[in-house]
Structures are given as structure tokens and as C-alpha cells.
Amino acid sequence: MSVKAKQNEPQILKEQYSARHCYNGAQLFFVLSWLCCIAITILAIFFENKNVELCAYIIAIITVFEFLFERINQWYIKFGSAYRMKIDDYLFGWDYQEYYCDISVDFLTAFSNIIARLHKKRYLKQIRNTENDKPRGVKDWYRLEAGMTKEDEIKSCQSENIKFDKIISTVHIYFVITLAICFFAILLKVDNKGLMFCSFISVTIKILSYVIDIYQYIKCKNKRDCVLAQIQNSTYDLELVKKLQEVINHRRQLSMVPFSIIHYFVNKFQSHSEN
């Protein structure tokens, strides 16, 4: 059976919805963690000369929440990437692994059933709709033409994953870097050095973790481009194709998850260009 047909099987649609649900959850807690940084910055500016000790305690509490939100974000990314890895292995006709991201296949299946039950209305709408419908759906996730060979379908799926990721990740990186610069610029204006130090610790840890994510992404991107160049300069080589898929899967596990709104507009632009 072709990838085009297999991607719309009920279980695959359920797992695609589950993956989207997890990545949306990751984005939510990513935003909440940054809101904690904003709250810390506001406290440092407006309360630097009033109840400094109380303000320091509140900043410490917010920092704890920021840490928890970041951990939940990581948890969602782990599940989202596990679903996408499992789906691709099935679509490409490759052997299932026993575990994806240290999560068993049986648990992923059971968890997708729970997600579908808890969000039944949204789930039923999304499995009927495509990416271009309202609301956005998960049907026809990969845009494939009828009559393509299995090898061409796999190449097309991988190319689609890479193309979208390059654009949306670049936009996402610039957005967060701009946000980080604004935070530091504001905090440097705080006169109370003790309060500024407390605030800087919280925000700096957040910024540094993101700098590490960007570094890992660039490293992954360079490796991906290298393998992609090897594939383009040779005939179809299953070993190279699987090597590229490993890099794609590694990218999926990185903490840097671009906002879905960026993906939406990029997808709209791509569809408009093709038409």
C-alpha cells in the first residue's frame, strides 16, 4: 500500500492528532515559561524600591513555576516526537521499534486513545480535515501525488519535513533572540543590584538553555544538509535514506518547537505558490 493511502488510516490519523496535541501542549508551556520571565522582569522594574525582600521571594516562586513549565514542555515534546517517529516508520514500511524516545509502542497507542476520547469533538473534526481546512486537520498530512513510487514518496515526505522545518525554525529563532535582547535591555535598567541579580539568574538560565537549543539545532541542520547532499548526488540508497531519517528524528526531539501559527502561514504560502 502507498504512503498516500496509509497516512489516512484511522490509527495513523489518531496518532497524527495525538502528535499535534502534544506539540500544541509543548507550545503552551513554552509560552507560560516565557510569561514567567516577563513577570519577573515586571516585578524587578516596578517593585525595586518597594518591599524588595518580598519581591525577591515572589521572583523565587515564579522561577520554580518556570522550571515546572519547562519540564512539562519537555514531556510534551518527547511524546510528540515519539508519535511522529512511529508514524513515519509505519508509512515507509520500516520495522517498528519497541520503544520511541523511551516510550513503548503499546503505551503510545493507549495514550492516543485517551487523547482522542478526552478531545473527541476536536479529534473528529481534525481527522476529517486537511491542513488547509478550517479547523486545520491531519488528513493528507504529506502532500503526495497519485502514482508515485514508494521511493519517491519517502523522498517527498522527508523533503517536506526538512523544507518546513528550515523556514519555521529560522523565524522562531529570530523571534526568541529579539525577545531575549529586550529582557536584558530592560533588566539592565534596574537600579537595585540585588533584585537585578535575582532576576538575571532566572532569565539568564532561560536564555542560556535556549542558546544551547539553537546550537543543537544548527549542528543537526548541518548534519542533515550533509546527508541530503549525499542522497541527491547518488541513486536511491536505503541506508542513506534511513540515515537522513535518523537526523530528522533527532531534530524532532529538540526543545526548540516553533509556534504552530508560523507553520500555518508557511503552509498557506507553500500551497499558494504551488497553485
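This is a predicted model: local features need pLDDT of at least 70, side-chain atom pairs count only at pLDDT 80 or more; totals for chains, interfaces and linings use all residues.
**View 1. The largest nonpolar core.** This core holds 42 residues, and those touching the most other members are Cys22, Phe79, Tyr83, Leu91, Phe92 and Leu108. At least two core residues come from each of helix 2 (10-46), helix 3 (52-91), helix 4 (105-118), helix 5 (120-128) and helix 6 (150-187). Helix 3 gives the largest share, with 12 residues.

**View 2. Leu91 and its contacts.** Which residues does Leu91 contact, leaving aside its neighbours within four places in sequence? Look for Val3, Lys6, Gln7, Ile12, Tyr142 and Lys150 around Leu91.

**View 3. The second largest pocket.** Here you can find about 260 Å³ of space. Of the 20 residues that line this pocket, Glu66, Glu70, Arg71, Lys206 and Ser209 lie nearest its centre. Helix 2, helix 3 and helix 7 (193-232) are the elements that give two or more residues to the lining.

**View 4. Leu238 in helix 8.** Leu238 belongs to helix 8, which covers residues 238-252. Is Leu238 buried, partly exposed or exposed? Its relative accessibility is 40%, so Leu238 counts as partly exposed, because that class lies between the under 20% of buried residues and the over 50% of exposed ones. Glu151 is 87 residues away from Leu238 along the chain, yet their C-alpha atoms are separated by 8.9 Å.

Terms used. Residues are numbered from 1 along each chain as its sequence is written. Side-chain values use heavy atoms; hydrogens and water are left out. A nonpolar core is a set of buried Ala, Val, Leu, Ile, Met, Phe, Trp, Tyr and Cys residues joined through side-chain atoms within 4.5 Å. Buried means under 20% relative accessible area, exposed over 50%, partly exposed in between (1.4 Å probe, protein chains only). Helices (H or I, at least four residues) and strands (E, at least two) are DSSP runs, numbered from the N terminus. Contact means heavy atoms within 4.5 Å. On a 1 Å grid over the protein atoms alone, a cavity is a set of points where a 1.4 Å probe fits but cannot get out, and a pocket is an open set with protein on both sides within 12 Å along at least five of seven lines; lining residues have an atom within 4 Å of a point. Grid points are joined across faces, edges and corners, and a volume is the space filled by probe spheres set on the points.
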